[in-house]
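Subject: Structure handover

Hello,

Here is the structure you are taking over. Please open it first, then read my notes below.

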Amino acid sequence: MSTRRKFLAGSAIGAASTLAAPAAIAQQGPIKWRLQSYSGAPLGAHVIKPQIDAFNEAANGEMEIELYYADQLVPTAELFRALQNGTIDAVQSDEATMASPVDIAVFGGYFPFATRYSLDVPALFRYYGLKEIWEEAYGEVDNVTWLSAGAWDPLHIFTKDPIRSLADMKGKRVFGVPTAGRFLSQYGLIPVTIPWDDVEVALQTGELDGVAWCGFTEAYEVGWADLCNYALTNSVTGAWFGSYFANTESWEKVPPHLKELYLMSIDQSHYYRAGWYWGGEAKLRVEGEKMELTSIPPEEWNQVVKDAQVFWDQIAEQGDRPKRVVDAFKKYAATMEAAGYPYR
């Protein structure tokens, strides 16, 4: 009897200790993260906010992500450094815009003619080796973890004066992402880098002649379609490459189940954006009334496509990893062309 009482007493003490542990953990409070997106608030309402709201609710008080939009905590061009030193815990952006120091940064954002449709991006990462290349590149960077890449919208040029030929691009100052701007500058387009929130005023004052940053969905959503009169239907590429990153020290402090929840929420965001953009692009090209549609004749635009191949080869010469990415693009494009409809 005495032995049994001691056993039960010991069990009770053990149980009490076990039950007390969660209370001790709970007293520490939820994990707090700060995430900054490349996007301004009107666009962020679609490309990031639904995901963060869903994650915070599903995390059930164990973790909370504070969401910040373009330039709210740090300038967009300093996002990578701020992420690396722990000023912020997570980032949603493309590599080129956030000045990522990896040798594949040129492929983030809009790489000329690398894609035609939004589904090209996940296909390239899942089946053509881009996921492994991105993981390898960021594995060489201290305190930054690359988590996932997804597709955004195609790249069109929206301007106050019409573009109906390559010659019409000359001298037009446009707000745009770095790689596409670098490519298009050979036709006289002048890329201008300013804070995202300043674009609207710059269009109003004449500092900018247009934007080469997005597709129709964003141009209408953020108000740029109210200030631009013309939309060029020729697409420089079919989808923007955007990624999610985490400060490695912050990421390692997150328990496995919340890591998985966060990665699931990223996939949800990829899915939400795919539908929002795909439906929006078609609807606004057909029903949108704010901008007149223009196009560059096929015989001129075919030269742009050929110039892109030269650009690809120039980038491939920069190193082994860039070459592997370009090789993946070429193999993918050849496969899609051979497959035919509905792929190409």
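Asn 60 sits in the loop between helix H3 (49-58) and strand S2 (63-68). Its phi is near 55 degrees, a positive value in a residue other than glycine. Asn 60 is exposed, at 65% relative accessibility. Bear in mind that this is a predicted model.

A second residue of this kind is Asp 71. Asp 71 lies in the loop between S2 and helix H4 (79-84). It is not a glycine, yet its phi is positive, at about 70 degrees. Asp 71 counts as partly exposed, with 27% relative accessibility.

One peptide bond also deserves a look. The bond that joins Tyr 341 and Pro 342 is cis, with omega about 5 degrees. Pro 342 is found in the segment after H13.

Now the overall picture. The chain has 13 helices and eleven strands. Its C-alpha atoms fill a box of roughly 100 × 40 × 35 Å along the principal axes. Of the 344 residues, 51% are buried. Take the contacts in the chain with a separation of 6 or more: residues 24 or more positions apart account for 79% of them. The chain exposes about 16,100 Å². Carbon and sulfur atoms supply 54% of that area.

Next, the interior. In soluble globular proteins, nonpolar side chains tend to be buried together. Here the largest nonpolar core has 113 residues. Which residues have the most contacts inside it? They are Phe 107, Trp 134, Met 169, Trp 224, Tyr 262 and Phe 329. Start with Phe 107. Leaving aside neighbours within four places in sequence, Phe 107 is in contact with Trp 134 and Phe 329, among others. Its other partners include Phe 241, Ile 315 and Pro 322. Val 325 and Val 326 are in contact with Phe 107 too.

Then the charges. The chain carries 29 positive and 44 negative charges. Their mean positions are 6 Å apart. Side chains of opposite charge can pair when their charged atoms come close. How many salt bridges does the structure hold? There are 17. Three of them are set out here.

- Glu 78 with Arg 81: the closest N and O atoms are 3.7 Å apart. Glu 78 is partly exposed, at 33% relative accessibility. Arg 81 is exposed, at 53%.
- Glu 287 with Lys 283: the closest N and O atoms are 2.8 Å apart. Both residues lie in helix H11 (residues 256-287). They are four residues apart there, so about one helical turn separates them. Glu 287 is partly exposed, with a relative accessible area of 48%. Lys 283 is also partly exposed, with a value of 48%.
- Arg 324 with Asp 320: these side chains meet at 3.0 Å, N to O. Both are in helix H13 (residues 320-339), four residues apart, or about one turn of the helix. Arg 324 is partly exposed, at 29% relative accessibility. Asp 320 is exposed, at 53%.

Arg 324 and Asp 320 belong to a network of salt bridges. Asp 103, Glu 136, Glu 140 and Arg 321 are linked in that network as well.

Best wishes

Key: Residues are numbered from 1 along each chain as its sequence is written. This is a predicted model: local features need pLDDT of at least 70, side-chain atom pairs count only at pLDDT 80 or more; totals for chains, interfaces and linings use all residues. Side-chain values use heavy atoms; hydrogens and water are left out. Helices (H or I, at least four residues) and strands (E, at least two) are DSSP runs, numbered from the N terminus. Buried means under 20% relative accessible area, exposed over 50%, partly exposed in between (1.4 Å probe, protein chains only). Contact means heavy atoms within 4.5 Å. Accessible areas come from the Shrake-Rupley method with a 1.4 Å probe; for residues, only the protein chains shown count as cover. Lys and Arg count as positive and Asp and Glu as negative; His and the chain ends are not counted. The place of a charge is taken as NZ of Lys, CZ of Arg, CG of Asp or CD of Glu. A nonpolar core is a set of buried Ala, Val, Leu, Ile, Met, Phe, Trp, Tyr and Cys residues joined through side-chain atoms within 4.5 Å. A salt bridge is a side-chain nitrogen of Lys or Arg within 4 Å of a carboxyl oxygen of Asp or Glu.
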